[in-house]
Amino acid sequence: MVHHLIGWLPLYSGVPQGSVLGPLLFLIYINDLSDNISCNMKLFADDASIFVKVLDVGMSNQLIKADLDKVTQWAFQWKMKFNPDITKQAIEVIFSHKRKPPVHPALVFNNIPVKREIDTNHLGLILDNKLDFRKHIAEKIKTANKGIGLLKFLTRFLTREKLSLIYKMHVRPHLDCGDVIYHNQSQESMDLLESIQYQAGLIITGCWKGTSREKVYAELGWESLSDRRHFRRLSLYYKIKNNMTPNYLAALAQPFDQNHTTRFQNSFFPYCHTNWINLDLSIRNAASLNIFKKQILSDIRPPMKSTYGVRDRRGIRIISQLRVQHSDLRNDRFRHKFNCPSPDCPCGSDVESNTHYLLHCSRYHHQRINYLQQVRDIVPDFDTLSDEELCNMMLFGQKSGKYEDNASILRATAAFIHKTKRFAKLEAFSD
């Protein structure tokens, strides 16, 4: 259990408003505030927190009371005044996982009662009294959802690459906020966060809900948020181990007793130490942070399936659905049990799969003649490829092909899709 006091605000008016000297002189002025404090004290700009680990309720209460009196005396000595407004009083949060936590006596600071809260916003991270970070994550998801709405609107105007960039710049940072702290502390919250990224992936690719998350992320070259939090934790741990952070963090990077709760093992330092020693030695000894990051990302981030700059948004959306094998084709819908009693194509010769639709269905014979000739002109060994190889090439391009050649192949595939009108009216949603 931790007894945490946070939120008092000293007033400083000795420097004209707008002066660049104000913040600097203020920090110098209060630099000795924590000198005689018995509890732990952290200062940040004009905010401060006093906290103590509670082993005995009475003792911890007396310690904090004594320190609050010292702060009040310090303020009197140095002609400082704390905000007397009752609406801006100091805040107390008691962190505990006990079902019936002990009763803590009330505190008073500067002749004003200290307000007891169940959570507090500390440097952008909402700390709740259970430290499961549910409220913090809920707030970040609420903000991220506004960006999801923007993505939906922009799909009418922007390519997949631009939409993905917008997601990474304006949506994902909210999901990243505080992630090295709250990773794996609440699986329910972790799943909610992942659902936001999955929703963004569906919007950007045009894939249907229910499509494999791994396939959607592979289309975009995204790692899961869980893997991303793992990566970001280890990146910070690399900085700590290599003296790129304040010294007090390096002192905490040490082995921990394994006889702790799962919750403790998932907290930052125990988690990082366990995963750090499991890394290959060459990764741990990476010459720079950038090299370290690249080596970790190579294991968790799938290579993006390129659309080669093709601007046909509807065509690329259908191609993406065919790539992930969750489209309106009957074979896909039958496998996913989506309003389809049989996978057989209406032409009656085979199941309606990607290969059948692109290469063999007799209903689209005339449209296919020009389509295959276009691809044959680009690919010299076209006639030597198997049906599976041809289908993959038509949807993904050639692995070793030139960028513009692959763009031409995808444009030809999109044109074929439009000409066949197979997806103009979706069978999945027909009566």
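A residue counts as buried when its relative accessible area is under 20%. In this predicted model, both arginine 422 and glutamate 352 are buried.

**Salt bridges**

A search of the whole structure finds 23 salt bridges.

| Salt bridge | Closest N and O atoms |
|---|---|
| Arginine 160 – glutamate 219 | 3.0 Å |
| Aspartate 328 – arginine 422 | 2.8 Å |
| Arginine 422 – glutamate 352 | 2.8 Å |

Arginine 160 forms a salt bridge with glutamate 219. This pair links distant parts of the chain, with arginine 160 in helix H4 (residues 160–170) and glutamate 219 in helix H8 (residues 213–220), 59 residues apart. Arginine 160 is buried at 7% relative accessibility, and glutamate 219 is buried at 2%.

Aspartate 328 forms a salt bridge with arginine 422. Aspartate 328 lies in the loop between helix H15 (313–323) and helix H16 (330–335) and arginine 422 in the segment after H20, so the pair ties together parts that are 94 residues apart in sequence. The relative accessibility of aspartate 328 is 0%, which counts as buried, and that of arginine 422 is 5%, also buried.

Arginine 422 also forms a salt bridge with glutamate 352. Glutamate 352 is in the loop between H16 and helix H17 (354–360), 70 residues apart from arginine 422. Salt bridges with shared partners join Asp328, Arg330, Arg333, Glu352, Arg363, Arg422 and Glu427 into one network.

**Glutamate 404**

Glutamate 404 belongs to helix H20 (residues 403–420) and is partly exposed, with a relative accessible area of 45%.

Technical notes
Residues numbered from 1 in each chain as written. Predicted model: local features only at pLDDT ≥ 70, side-chain atom pairs only at ≥ 80, totals over all residues. Heavy atoms only, no water. Helix = DSSP H or I, 4+ residues; strand = E, 2+ residues; numbered from the N terminus. Buried < 20%, exposed > 50% of the residue type's maximum accessible area, 1.4 Å probe, protein only. Salt bridge = Lys/Arg side-chain N within 4 Å of Asp/Glu carboxyl O.
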